[in-house]
Protein chains: 2
Amino acid sequence: MAITQTFNDVNDDARNGAYSTPAQPAELDASKVTITVAREFKPVPPASELVFGQVMTDHMMVVHYDPVNGWSAPEIKPYGPLSIDPASSCLQYATNVFEGMKAYAGPDGRPRLFRPDMNMKRMQISAARVALPPFDTAELLKLIHKLVALDARWIPTVKGHSLYIRPTIIGTRDSLGVAASDRATLYVILCPTGPFFRTGARPVNLLAVHDHVRAWPGGTGGYKLALNYAPTFKPQQHAAKLGYDQCLWLLGEKITEAGAMNFFVVVRRDDGDLDVITPPLDGTILPGITRASTLDLIRAHPSRTTLPGLSPETLLHAVERELTISQLAAWAEEGRLLEAFTVGTAVVVAAVGRIGHDGKDIVLPAHEGALGAVARALYERITDIQEGRFEWENWSVPCA
Amino acid sequence: MAITQTFNDVNDDARNGAYSTPAQPAELDASKVTITVAREFKPVPPASELVFGQVMTDHMMVVHYDPVNGWSAPEIKPYGPLSIDPASSCLQYATNVFEGMKAYAGPDGRPRLFRPDMNMKRMQISAARVALPPFDTAELLKLIHKLVALDARWIPTVKGHSLYIRPTIIGTRDSLGVAASDRATLYVILCPTGPFFRTGARPVNLLAVHDHVRAWPGGTGGYKLALNYAPTFKPQQHAAKLGYDQCLWLLGEKITEAGAMNFFVVVRRDDGDLDVITPPLDGTILPGITRASTLDLIRAHPSRTTLPGLSPETLLHAVERELTISQLAAWAEEGRLLEAFTVGTAVVVAAVGRIGHDGKDIVLPAHEGALGAVARALYERITDIQEGRFEWENWSVPCA
């Protein structure tokens, strides 16, 4: 025992550092951040002139991963272009993941984030789906807090306005071999944004599309990947030519999503209650954070809270079930289809006006100010929570 | 008539240039190219040390598009990183298209390309699918000729070796709005390459995968898009862990592709003839140029040419039809399944050794040197044409 050493002993010694072992690749560590403040600050456009996604703030956060060193020291620095090898995985094989979040100006002046843990978790899952390296999401969130704090002057203080946050991770392996990227760049950029539809509260018109399929069983529709978006642009251009705003994506008869948003309908039941229905998370549907929040709030009414403008006598049922386009047409015909609306981080809640299908339109009832009673209640309550006017289950998190 | 001018007259005048009209965006024009030669040339690795996709040549071609100016003057310049805005469409929404081609050293020393028109046409179609701007493919091909000529010293002269060419077009619209990219960068990079499988002529083992689905009807599997590749890396890692080289992609029971290659089987018929079968181009299959060439050569044997090593009495039938995994297993059971092989630009032709499915392996007959008679005949003939040793229907095009 004193003389011979078993393999287990050797392994124990190695674990205890008795032998020199190669350094472990570093974890993502927000405390290592270096901050370089821009020499000149850009002018912040007036809130009324903001167009979604066009004007970026003064700074960005960037951190790099390689398999030997792990995550580098994060940098917060002036917004500017990335230097990317032309052979990089992100350009050649679309190993790109993003998230969409928003920072809001709270009544106390402090910036607030909305359920940021959910974005962090989804980003981690999406990155794993395209074999990008894992990262400590709590550290990424700390970096987002720091970046938002630095660029806080960009957060519009007008109701319904916010600072959109776009965390992104891209594969940077610079070899053309068709294989997972063992290198990555993780970055966060910010842009101030107003209400998604500039034209004001008008309903969105959708064209049901079945010849192009956004997501399928065994595909990637349930992940937030860059690659889910490029194939939608051509069908979207076609829909626009026909006078529709967005595509309603079908998989056969089944409704999946609308544009880049989750889709809901409100249907009157025989007993007078209202079903608020959205397709289930079967792998073809993005697990939207506004979608989850919508379902949670519907379930809370009226037992735990009364949604604004709705009577406590209005009983709502949150239903996750398959929705077909012909079922929708039938409900509309019967006068049961009270509302259709889309939800997402950028749009929050938007009313649907009509849905083109097979040369005809399913026309939704018109509502003053576009949103029906349920969609309006959700819009008001969600933005009240986001902007810190209503406290609800710690969904709104003040920036540190 | 002499006094009043109708709207039609005004339009006619505008068409005739009577009013000043904005300049047309410029077309892609190879004659405008500027060439900047690298100050230092990199050492060319010995052919025996080449690994696919890892070492890039000295130069690259880059040209940019914007909707006002159209295509810029193309640049051939030293290989180096691209400067890309973090909000760019190529990083956020995967608006990225690429091609794979090869330049070969001909017996006369001149570089040759293999059916380059087919790559150019496919690239144009793929770019349109993700709403990227069109470009004159003849001009792009001229630029590729110029770039290959400049870096011709990189073309390995060893049989089975070549200079791999990677034309790429990426969307560079720098706005986060989910919409088509109206800006683009088109570039071409080159890397010398040896036989795809470094281990020599050993068969490829495939794992049939049905839980992850590569392509779907109404999806993008029939286009050469970056976004078709990222989702394959995780299943590929799983296959590798189980001891397989690549995935055999299933759609339900149907076989679609193998790894990033088209898939063929050779089946003995009751009359003794051989069916050479591959799935049809139903939108889930990449229209491979080696695939098309394989079908053409099978159809030409023995009436128009005798494929090397095959007797003119061996009658081959090129068949594009649905292939199911259970049909494959049944043919193997009956002793009719003589060969399975994959084809693609990088690999040319590779033998399949076994196919894992539902915990069992479908084992293909072993052949000396890995390739069966049909696969070997195709490999020999295609590389003979590519490398200029055999003239066939102008498939091999000398560089200007």
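Analyst: Let's start with the largest cavity, which is lined by 28 residues, with Trp216(A), Thr220(A), Leu227(A), Arg214(B) and Leu227(B) lying nearest its centre. On a 1 Å grid over the protein atoms alone, a cavity is a set of points where a 1.4 Å probe fits but cannot get out, whereas a pocket is an open set with protein on both sides within 12 Å along at least five of seven lines; a lining residue has an atom within 4 Å of a point.

Some ground rules before going on. This is a predicted model, in which local features need pLDDT of at least 70 and side-chain atom pairs count only at pLDDT 80 or more, while totals for chains, interfaces and linings use all residues. Residues are numbered from 1 along each chain as its sequence is written, chains are lettered from A and ligands numbered from 1 in the order in which they are written, and side-chain values use heavy atoms, leaving out hydrogens and water.

Back to the largest cavity: it holds about 300 Å³ of space, where a volume is the space filled by probe spheres set on the grid points, joined across faces, edges and corners. Its lining divides into 10 nonpolar, 14 polar and 4 charged residues. Here Ala, Val, Leu, Ile, Met, Phe, Trp, Tyr, Cys and Pro count as nonpolar, Asp, Glu, Lys and Arg as charged, and the others, Gly among them, as polar. The count comes to 3 cavities of 30 Å³ or more.

The second largest cavity has a volume of about 80 Å³. Among the residues that line it are Gly100(A), Met101(A), Lys102(A), Tyr104(A), Phe114(A), Ile289(A), Thr290(A) and Gln386(A). The elements giving two or more residues to this lining are β7 (101–105) and α6 of chain A, with β7(A) supplying the largest share, 3 residues. (Helices, H or I of at least four residues, and strands, E of at least two, are DSSP runs numbered from the N terminus.) By class, the lining has 4 nonpolar, 5 polar and 1 charged residues.

Where does the second largest cavity lie? Domain 1 (30–193) and domain 2 (204–391) of chain A both give residues to its lining, so it lies between them. Those bounds come from an automatic or database domain assignment. The centres of domain 1 and domain 2 of chain A, taken over C-alpha atoms, are 28 Å apart, and the contact takes 27 residues from domain 1 and 26 residues from domain 2 of chain A. Contact means heavy atoms within 4.5 Å.

Now the pockets. The largest pocket holds about 880 Å³, and among its 46 lining residues, Val178(A), Phe52(B), Phe196(B), Ala260(B) and Ala346(B) lie nearest the centre. The second largest pocket holds about 750 Å³ and is lined by 44 residues, with Phe52(A), Phe196(A), Ala260(A), Ala346(A) and Val178(B) nearest its centre. In the second largest pocket, α6(A) gives the largest share of the lining, 3 residues. By class, the largest pocket's lining has 23 nonpolar, 15 polar and 8 charged residues; the second largest pocket's has 21 nonpolar, 15 polar and 8 charged.

A salt bridge is a side-chain nitrogen of Lys or Arg within 4 Å of a carboxyl oxygen of Asp or Glu, and the structure holds 44 of them over all chains. Glu320(A) forms one with Arg291(A), the closest N and O atoms being 2.8 Å apart. Glu320(A) lies in strand β16 (residues 316–320) and Arg291(A) in helix α6 of chain A, so the pair ties together parts 29 residues apart in sequence. Arg291(A) is buried, at 3% relative accessible area, whereas Glu320(A) is partly exposed, at 37%; buried means under 20%, exposed over 50% and partly exposed in between, with a 1.4 Å probe and protein chains only. Both belong to a network of salt bridges that also takes in Arg115(A), Asp296(A) and Arg299(A).

Elsewhere, Asp282(A) pairs with Lys254(A), their closest N and O atoms 3.4 Å apart. That links the loop between β15 (274–278) and α6 (289–300) to strand β13 (residues 254–258) of chain A, 28 residues apart. Asp282(A) is partly exposed at 40%, and Lys254(A) is partly exposed at 22%.
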